[in-house]
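These are my notes from a look through one structure.

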Amino acid sequence: MCGIVGYVGPRDATPIILSGLKRLEYRGYDSAGLAVLENGHIELRRDAGKLERLATLVEQSPLHGHVGIGHTRWATHGEPSARNAHPHLGGTGEVVLVHNGIVENFLELREELNAEGVEFRSDTDTEVIVQLVDRYLSMEMGLVEASRRALSHIKGAHGVVILSSREPDKIVAARIGNAGGVVVGVGEGEMFVASDMPAILEHTRKMVFLESQQMAVVRRTGVEVQSLAGEQLDYEIHNVAWDPVSAEKGEYRHFMEKEIHEQVRSLTDTIAGRVDFDEGRIRLPQLNLTPELAQRIRKIFITACGTAGHAGMVGKVLIESITRIPVEVDIASEFRYRDPIVDEDMLVLAISQSGETADTLAAMDLARRKGALLWSIVNVIGSQAMRISDGYISMQTGPEIGVASTKAYTAPLVDLYMLAVLLGDMRGTLEAAERRRLVADLRLVPDLVGRCLDREAEVEVVAASMKEVSHCLYLGRGINMPTAYEGALKLKEISYIHAEGYPAGEMKHGPIALIDQDMPVVVIAPRDPWYEKMFSQIEQAKARGGKVIALASEGDQLIAGVSDQVLWVPETPWRLSPVTTVIPLQMLAYHIAALRGLDVDQPRNLAKSVTVE
Ligand code: AGP
């Protein structure tokens, strides 16, 4: 989705904006541009293609100034081209704007503006906004008022950043609904604006997050926050703990590779401070959970998208087995439209790395309207999902840049495990000895994950043998059924190989017909309560000429004897096994995509945070 960066201060805005946009590349884009106020007028460079193209344009025709905005565009209305790339200029050339979101009523507004004699220079929905700001500037309004009036016309969810040569001391930023975040970075005598923190993290860790229906007037000396109705608002400056170096690739070829390897640390941090190993207890204070509340919960809905949804499926097995509370897992895009039966005695738990996924936020809004208790597990501090929740768990992973989620999958698995133990403890469904055992097992996690990573060379051998395949099946069962879904999703999203995750018990009801020598089958068969069922699955696939790559617990010679290749994982307590079983599958997908020479971190058509429906 689109990325936004803005700067106002004493330094040259161009390199700051270009480097900020570079840090947002992971979000996915197809064109890029920037606008700077130079000697009192707006200078613009933009084109289709990657940031290198924009950098070349800037090199050929430099632009310098102390105020500027930039954008990476993910096309929705109008093909990727120079004329459709942001920033967009108003007709008078005195105002320029970048935008994230979709103007749902743009056709109607375009007609209205056409009738006033406005000539459109792009095919985008965005241009109507800047033409509206221009309309109000021409009526002698100031930039803030003109922006406010313009925004009052548009429908949909938006992040908008505007600057004008008439008022060169400021940038106006606004957030309407859930089209991604707008964050203001507070520096020393300089200020930054961005859609996402990594863009400006190298300059400041002091952040102001805009809520929906809020505008920020950003000057080099500070920021004012107002409602869209014009009322001055108080705001909080958050000190973000993220380390700017964690948003760098370092010695790794790709962010995904780095993030896979960061999981020992991210899981150590996930557990740190939340587990009392002496008492055998879990502490998650940000959930605001009391024993009374824990007793009241009759049912839990977990709602999320993609990888986060797979974590939710594991969460269902964990929570039901430990607390005996019924759990339903619902893809957020389904939940939001199916009028689910939710009431005040139910808990809706959203999982989202970005905390800005449009479908997940809409599902949360619905849950709120139905009166449910609303919790979230999120990675991005200050994100909308975190802010609208009654309680939350923050993933301790640091920024995840690769589009394919890895460390932001394993962290919520451990969060859900801890949540289940805490709920079970507070509801009295967990015997003390069992609770102590479950808590003690958490200590094993970082080391077990490290042992999976140590086997990377073996995974590379399997990857080399699979790099030319066109299709692949992943089978799993019980708590590792979602591992099959997640392994298949990782493979398809970065290697473009058609991969299906399937509950192993369903094979005989149809998919078994697909198995032949050209269809490798990855069978997830660690020693967990579903082990024997999975073993017989391998035999069935072999009997039909399939090539079996088994994922098995170290030392399992029975599995090795019936499979073509084996991905080994260390013996892991079964409720934590999805944390280890997914690691070889992440590495497998990574190495296959890398061997195919693909753009691992920015796969085609995908965006890191999906802020449109
Ligand atoms: C993960 O590899 C995917 N790119 C995608 O499925 C992702 O998990 C999904 O879009 C949800 O994102 P979120 O966690 O930011 O809400």
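Entry one, the second largest cavity. I found that 14 residues line the second largest cavity, and C2, W74, T76, H99 and G101 lie nearest its centre. For the record, the model is predicted: local features need pLDDT of at least 70 and side-chain atom pairs count only at pLDDT 80 or more, while totals for chains, interfaces and linings use all residues. Residues are numbered from 1 along each chain as its sequence is written, and side-chain values use heavy atoms, with hydrogens and water left out.

Grid points are joined across faces, edges and corners, and a volume is the space filled by probe spheres set on the points.

The second largest cavity holds about 130 Å³. Strand β6 (residues 95-101) gives the most to its lining, with three residues; strands (E, at least two residues) and helices (H or I, at least four) are DSSP runs, numbered from the N terminus. I sorted the lining into four nonpolar, eight polar and two charged residues. Here Ala, Val, Leu, Ile, Met, Phe, Trp, Tyr, Cys and Pro count as nonpolar, Asp, Glu, Lys and Arg as charged, and the others, Gly among them, as polar.

Entry two, the other spaces. How many cavities of 30 Å³ or more are there by this rule? The count comes to three. The largest cavity has a volume of about 270 Å³. Its lining has 26 residues, with S195, D196, M197, S354 and V380 nearest the centre. I list that lining as eleven nonpolar, eight polar and seven charged.

I then turned to the largest pocket, at about 530 Å³. Its lining has 27 residues, and C305, G306, T307, K608 and V610 lie nearest its centre. Elements that each supply at least two residues of this lining include α9 (306-323) and α17 (481-495). By class the pocket lining has 13 nonpolar, ten polar and four charged residues.

I searched the whole structure and found four aromatic pairs (ring centres of Phe, Tyr or Trp, its six-membered ring, within 6.5 Å; planes under 30 degrees apart stacked, over 60 edge-to-face, the rest tilted). F301 and F335 pair edge-to-face, with 5.6 Å between centres and 65 degrees between planes. F301 is in strand β18 (residues 299-304) and F335 in helix α10 (residues 332-335), 34 residues apart. Both F301 and F335 are buried (under 20% relative accessible area; exposed is over 50%, partly exposed in between, with a 1.4 Å probe and protein chains only).

W530 and W574 have ring centres 5.6 Å apart and planes at 75 degrees, so I put this pair down as edge-to-face too. W530 counts as partly exposed at 22% relative accessibility, and W574 is partly exposed at 26%.

The charged end of K50 sits over the ring of Y29, 4.3 Å from its centre (NZ of Lys or CZ of Arg within 6 Å of the ring centre and within 35 degrees of the ring normal). R604 lies over the face of Y496, at 3.8 Å from the ring centre.

Definitions and conventions:
On a 1 Å grid over the protein atoms alone, a cavity is a set of points where a 1.4 Å probe fits but cannot get out, and a pocket is an open set with protein on both sides within 12 Å along at least five of seven lines; lining residues have an atom within 4 Å of a point.
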